[in-house]
Amino acid sequence: MEEIKQVEGQEIQQGQIETVEAQDTIKEEEVKKFELTERELQSQIDKAVTKAIQTRDSKWEAKIQEERSEAEKLGKMSEEERLKAQFEAERKQFEDERKQFLRERLELETVKQLQTEGLPTNFSSFVIGETADETNQNIKSFKDAWISAIEKAVDERLKGDTPKSSNGKVNALTQQDFLKMSVTERAELMSKNPDLYSQLKG
C-alpha cells in the first residue's frame with residue numbers, strides 16, 4: 001500500500017514538473033514574441049522617421065532650387081521687370097497665406113457647426129467644402145444620413161415591450177424630453193436602452 005502511495009506521489013510530482021516546464025515554455029515563447037513585436041515596431045518607426053527626413057530634405061532642396069532659379073531670373077531682368085516679378089511673388093504668397101487662413105477658419109466653423117447640431121466632430125474633414133455654403137449643405141446631408149442610419153439600426157435591433165430601467169421601474173423620460181435630445185444623446189439612449197428609444201421614437 002505504501003509503495004502505491006509512493007508511486008502515485010511520484011506521478012503527481014512528475015505531472016507538476018511537466019506543468020511547470022510547459023508554463024516556462026509558454027512564458028519563453030511570449031517573451032520571444034514580445035521581443036519580436038518590439039523589434040518590428042522599432043523597425044517600422046525607424047522607416048517612418050527616415051522617410052519623413054527624406055521628404056523634408058527633398059522639399060528643402062526643391063525650395064532652395066526654386067529660390068536659386070528665381071534669383072538667376074531676377075539677375076537677368078531689368079529693374080522694372082525685377083520689381084514686377086517681386087510684386088507678383090509677394091502677391092502669390094499673400095494669396096496662399098490668405099487661402100490657408102480662410103481654410104483654417106472654415107475648419108473651426110465646421111467643428112462648431114457639428115457640435116451645434118449634436119453630431120460627432122471627428123467627421124469635420126469629411127463634410128468640409130470649399131465654401132461655407134457648401135460646408136453647411138454637406139453638414140445637412142450628413143445629419144440626415146446620420147439620423148437615418150441610427151433609426152435604421154434601432155429598428156433592426158428593437159422589439160417592443162414597455163421599457164423598464166434596471167431596477168424594474170418604468171422609465172420617466174417623456175416624448176417631449178426625447179424630442180429635445182441631440183442626435184448624440186439619442187444615439188447614447190439607443191445603445192443604453194433600445195426599448196425606450198424605440199417607444200419614444202414611435
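Which residues do ring pairs link into a cluster? The cluster consists of F123, F126, F142 and W146. Rings of Phe, Tyr and Trp (its six-membered ring) are paired if their centres lie within 6.5 Å. By this rule there are four aromatic pairs. In one of them, the ring centres of F123 and F126 are 6.0 Å apart and the planes stand at 50 degrees, so this pair is tilted. Planes under 30 degrees apart count as stacked, those over 60 as edge-to-face and the rest as tilted. F123 is partly exposed, at 26% relative accessibility. F126 is exposed, at 65%. Buried here means under 20% relative accessible area, exposed means over 50%, and partly exposed lies in between (1.4 Å probe, protein chains only).

The model is predicted, with local features requiring pLDDT of at least 70 and side-chain atom pairs counted only at pLDDT 80 or more, while totals for chains, interfaces and linings use all residues. Residues are numbered from 1 along each chain as its sequence is written, and side-chain values use heavy atoms, with hydrogens and water left out.

The protein has seven helices and zero strands. From the N terminus, the order of elements is α-α-α-α-α-α-α. Helices (H or I, at least four residues) and strands (E, at least two) are DSSP runs, numbered from the N terminus. Of the 202 residues, 15% are buried. Contact is defined as heavy atoms within 4.5 Å. Among contacts between residues at least 6 apart in sequence, 48% join residues at least 24 apart.

Helix α2 (residues 79-116) packs against α4 at an angle of about 30 degrees, and the axes are 11 Å apart. Axes are lines fitted to C-alpha atoms, for helices over the stretch in contact, and angles run from 0 to 180 degrees between N-to-C directions. The α2 helix is therefore roughly parallel to α4. Angles under 35 degrees count as roughly parallel, over 145 as roughly antiparallel, 65 to 115 as roughly perpendicular and the rest as oblique. The α2 and α4 crossing is right-handed. A crossing has this hand if the near helix is turned clockwise from the far one by less than a right angle, and is left-handed if anticlockwise. Ala, Val, Leu, Ile, Met, Phe, Trp, Tyr, Cys and Pro count as nonpolar, Asp, Glu, Lys and Arg as charged, and the others, Gly among them, as polar.

T135 belongs to helix α4. T135 is buried, at 2% relative accessibility. Residues up to four places away in sequence aside, T135 touches L106, T110, V127, I128 and G129. S124 sits in helix α3 (residues 124-127). S124 is also buried, with a relative accessible area of 19%. Beyond its neighbours within four places in sequence, S124 contacts T110, V111 and L114.

The crossing of α4 and α7 is left-handed. From α4, the residues involved are I150, E151, V154, D155 and R157; from α7, they are P194, Y197 and K201. Four of these contact residues are nonpolar, none polar and four charged.The axes of α6 and α7 come within 5 Å and cross at roughly 125 degrees. Helix α6 is therefore oblique to α7. The α6 residues in this contact are R186, L189, M190, S191 and K192, and the α7 residues are P194, L196, Y197 and L200. The contact of α6 with α7 has six nonpolar, one polar and two charged residues.

S182 lies in the loop between α5 (175-180) and α6 (183-192). S182 is partly exposed, with a relative accessible area of 24%. The C-alpha atoms of S182 and L119 are separated by 8.1 Å, although these residues are 63 residues apart along the chain.
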